[in-house]
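Biologist: I have a chain open here and would like to talk it through with you. Could you take a look with me?

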Amino acid sequence: MAEHEEKKHEESLMERIAEKIQGHGSLSSDSDDDKPSESSIKAKVFRLFGREKPVHHVLGGGKPADIFLWRNKKISAGTLGVATVIWILFEMLEYHLLTLVCHLLILALALLFLWSNAATFINKSPPRIPEVQIPKDPVMEFAQALRFEINRAFAVLRDIASGRDLKKFLSVIAGLWVLSIVGSWCNFLTLFYIVFVLLHTVPVLYEKYEDKVDPFAEKAMREIKKQYAVFDAKVLSKIPRGPLKEKKKD
């Protein structure tokens, strides 16, 4: 009888141990399930301008993106060097475009003319001047792409002027105002050169230090949104909307 009770006690003890082990396993599995996966953590990482693709893809990919990100340092340095020489010629040396083009044509035509006539006296073959023709298809594709972008810009401007989105309207007005101030500081060529240099420096630096830049940009965006919410509550919400906005609400 005592042995029978002892066996029952051992069996109940073993069952309790097994229940504790199973409970611990279920808790650990639940805790593992509660842990976010690496993919979800990466998906929640803030990226500047809300991008989800690499910088190379954002810049359009292909050769232009390779040049801006210095994938080929010789081509990128050569492109930036040519742009710098052009800016020095027209801005610092005050060379004019028409004058430069005419002088280059005079030099090229004079050299080819003299070479062609001197070839008969020195018993050498004259220079082979290639026939240059502008192909039709690339020109048509470029014209169609330019037409599409211009029409889209007109549509955006019409949408902004119609009073549908006050936030977009104020953003465009502020951007044009800043651009007008920058334009008063320098001419179009200098502004174009500055943008060209920024395209060759900012993307490659951001790609290198994006893990440090993105957290700082996230804090800045939060503060901007907070200030905009206060401005919207005190000012923008009290401005009457346009007729198109009212019809859309109805």
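Biologist: What does the side chain of histidine 200 reach, and at what distance?

Modeller: Bearing in mind that this is a predicted model, the side chain of histidine 200 reaches the backbone oxygen of phenylalanine 196, and the distance is 2.9 Å.

Biologist: Which helix is histidine 200 found in?

Modeller: Histidine 200 belongs to helix α9, which covers residues 188-208.

Biologist: And is histidine 200 buried or exposed?

Modeller: Histidine 200 is buried, because its relative accessibility is 1% and the cut-off for buried is under 20%.

Biologist: What is histidine 200 in contact with, leaving aside neighbours within four places in sequence?

Modeller: With those neighbours set aside, histidine 200 is in contact with Ile67, Phe68 and Trp70, and also with Ser76, Thr79 and Leu80.

Biologist: Let's pick phenylalanine 68 from that list; where does it lie?

Modeller: Phenylalanine 68 lies in helix α4, which is made up of residues 62-68. Phenylalanine 68 counts as buried because its relative accessible area is 18%, where the limit is under 20%.

Biologist: Which residues does phenylalanine 68 contact, again leaving aside neighbours within four places?

Modeller: The contacts of phenylalanine 68, once those neighbours are left out, are with Leu59, Leu199, His200 and Val204.

Biologist: Changing topic, where does UniProt place the "transmembrane region" feature?

Modeller: The UniProt record, which is an unreviewed entry, places that feature at residues 75-90, 96-115 and 169-199. In the model, residues 96-115 are 95% helix and 0% strand, with the end C-alpha atoms 29 Å apart, while residues 169-199 are 94% helix and 0% strand, with an end-to-end C-alpha distance of 27 Å.

Biologist: How many helices and strands are there in the chain?

Modeller: The chain has 11 helices and zero strands, so by the DSSP runs used for this count the pattern along the sequence reads α-α-α-α-α-α-α-α-α-α-α.

Biologist: What share of the chain is buried?

Modeller: Buried residues account for 11% of the 250 residues in the chain. The accessible surface of the chain comes to about 21400 Å², and carbon and sulfur atoms contribute 66% of that surface.

Biologist: And what percentage of the contacts between residues at least 6 apart in sequence join residues at least 24 apart?

Modeller: Among the contacts in that group, the share joining residues at least 24 apart in sequence is 57%.

Definitions and conventions. Residues are numbered from 1 along each chain as its sequence is written. This is a predicted model: local features need pLDDT of at least 70, side-chain atom pairs count only at pLDDT 80 or more; totals for chains, interfaces and linings use all residues. Side-chain values use heavy atoms; hydrogens and water are left out. UniProt positions are given in the numbering used here, feature names are shortened, and annotations may be inferred rather than shown by experiment. Helices (H or I, at least four residues) and strands (E, at least two) are DSSP runs, numbered from the N terminus. Buried means under 20% relative accessible area, exposed over 50%, partly exposed in between (1.4 Å probe, protein chains only). A polar contact is a pair of N or O atoms within 3.5 Å; within protein, one must be able to donate a hydrogen and the other to accept it, and residues adjacent in sequence count only if both atoms are side-chain atoms. Contact means heavy atoms within 4.5 Å. Accessible areas come from the Shrake-Rupley method with a 1.4 Å probe; for residues, only the protein chains shown count as cover.
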